[in-house]
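Thank you all for coming. I would like to walk through one chain with you, starting from single positions and then stepping back to the whole.

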Amino acid sequence: MKVTVVGTGYVGLVAGTCFSHIGIDVMCLDVDARKIDLLSSGGIPIFEPGLDALVRDGREAGKLHFTTSYDEAVEHGEIVFIAVGTPPGEDGSADLQYVLGVAGEVGRRITRPTIIVNKSTVPVGTAEKVRQVVSDALKERNLSMEFAVVSNPEFLREGVAIRDFMEPDRIVVGGDVDWAVEKMRRLYAPLNHDRDNIMVMDTKSAELTKYAANAMLATRISFMNELAGLSARLGADIEAVRRGIGSDPRIGPHFLYPGCGYGGSCFPKDVQALIQMAGQNNVDLGILEATERANERQKRVLFEMLSSFYKAKGGLSGRTIAVWGIAFKPNTDDVREAPSRVLIGELIQAGAKVRVYDPEAGGQGELLFPDRSSVVIARSAEDAIEGADALAIVTEWAEFRNPSFAGLARTLRDRAIFDGRNMYRLEEVEAAGLSYFQIGRGPRIAA
Ligand SMILES: NC(=O)c1ccc[n+]([C@@H]2O[C@H](COP(=O)([O-])OP(=O)(O)OC[C@H]3O[C@@H](n4cnc5c(N)ncnc54)[C@H](O)[C@@H]3O)[C@@H](O)[C@H]2O)c1
């Protein structure tokens, strides 16, 4: 089977590469020529564990090709995946210009029955819009040709994207054209042999399923973050509460971790897009508005903790704060909507200097914070704390899990850690003579 994937970002590159790994002949297209040049010459534009080796294998096996040419790409695939970005427009609704742009390019070129698959996260009704654009393009060519539009939203998580793609919890296929649905079943069969994970539904339900999943997860996080605020005020321990409720099978343990806010390319924009969809249809989804508001507040929580600590010491101006983590979560270099951006921005505004380290997102940090007089991109976690007054932790990378607390106590002038991910045991940190501030666990100042 031959497949084309349009859009070679986190989703398109992982999907295309994984398909090539199960023996499908894949052509990946992107309009970003630098990305395609890099991939064609053996490089890789993003950090995703295990992806570089799979891309190399796919290229060497002659199963994975890269191009910027729509002629070549549309000619190649009997199934064409659209995996381009759907960023929020000004009002928060998903901007469909890239998805519909691709639909037009495909419609102007197809010469045989083709399945066009929306893999991008798109509002309900987009499959129909894509169908219309392709249909119009065919009419302009005076061609009548069978084609089908299928909705196949992606649920992979950055950081574990390959495993998620190769061993999916579910494969949602939205479509009502039998031959197209059957072909999708055949395409995914190698990923579906242990248990039948394919869920066939109408395109609208498939489109809504993706938003519903992300909105549910974002809401759980915001609920826990708000509860953490209350927990701290009441003198309760949110970590104990988390374990107490997560053991209930009706609730489950996942996505109950309080922190300094969710980020990434999906949750923030998908929550916003779903709010817009509800509004346009006169449906009140107030719960999601609260989810979003809570998250905006939560992204400021580390800064507020630092501000109140330094209030009694004359403020943050002139202080040097070490920050561990730029990426929105571990095992990715993705910094879109990352809470680190809010914290570092606020620290700079307050007149502090920042020494920040991230194992993979340092390059992105250099682009985000170009003023080296206020933000230094450190080479290691140890380098970041050199000359710092306090440490803030934003991303729970594994390499931050076991620091030398004695070393931190010697190096940090004010001997204080502000932990946005509740990574350590309080007793251990305090035993080293450090003040340890966590989310939802009340202020603890070393004697
Ligand atoms: N990143 C995730 O974890 C994730 C997970 C599930 C779903 N999604 C959804 O998948 C879609 C893609 O997300 P992403 O994170 O991979 O985005 P991305 O920004 O990493 O990649 C998008 C790619 O599309 C390319 N592109 C844009 N317009 C194009 C065009 N007209 N023709 C060809 N290429 C074009 C861009 O150059 C870019 O390389 C979004 O709708 C997103 O919501 C993302």
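What you see is a predicted model, in which local features need a pLDDT of at least 70 and side-chain atom pairs count only at pLDDT 80 or more, while totals for chains, interfaces and linings use all residues. Residues are numbered from 1 along each chain as its sequence is written, and side-chain values use heavy atoms, with hydrogens and water left out.

With that in hand, consider Val323, which sits in strand β9, residues 320-324; helices here are DSSP runs of H or I with at least four residues, strands are runs of E with at least two, and both are numbered from the N terminus. Is Val323 buried or exposed? Val323 counts as buried, because its relative accessible area is 0%. If contact is taken to mean heavy atoms within 4.5 Å, then Val323, setting aside residues up to four places away in sequence, touches a list of partners that includes Leu343, Leu347, Val356, Tyr357 and Ala392.

Leu306 is buried, because its relative accessibility is 0%. Apart from neighbours within four places in sequence, Leu306 is in contact with Leu316, Ile321, Leu343, Leu347, Ala390, Ala392 and Phe418.

Which phi does Phe255 have? Phe255, a residue other than glycine, has a positive value near 55°, and its place is in the loop between α10 (238-246) and α11 (267-280). Phe255 counts as partly exposed, because its relative accessible area is 30%. Asn282, likewise not a glycine, has a positive phi of about 55° and lies in the loop between α11 and α12 (286-298). Asn282 counts as exposed, because its relative accessibility is 74%.

Stepping back, how is the chain divided? There is a domain 1 (2-197), a domain 2 (211-297) and a domain 3 (299-437), with bounds that come from an automatic or database domain assignment. The C-alpha centres of domain 1 and domain 3 lie 38 Å apart, and the contact between them takes nine residues from domain 1 and ten residues from domain 3.

For the chain as a whole, the secondary structure comes to 18 helices and 14 strands. The radius of gyration is 24 Å, close to the 22 Å that the globule rule gives for 447 residues, so the chain is as compact as a globular protein of that length; that radius is taken over C-alpha atoms, and the rule is 2.2 Å times the number of residues to the power 0.38. Along its principal axes, the C-alpha trace spans about 80 × 50 × 40 Å. Buried residues make up 53% of the 447 residues. Finally, among contacts between residues at least 6 apart in sequence, 72% join residues at least 24 apart.

Note on methods. Buried < 20%, exposed > 50% of the residue type's maximum accessible area, 1.4 Å probe, protein only.
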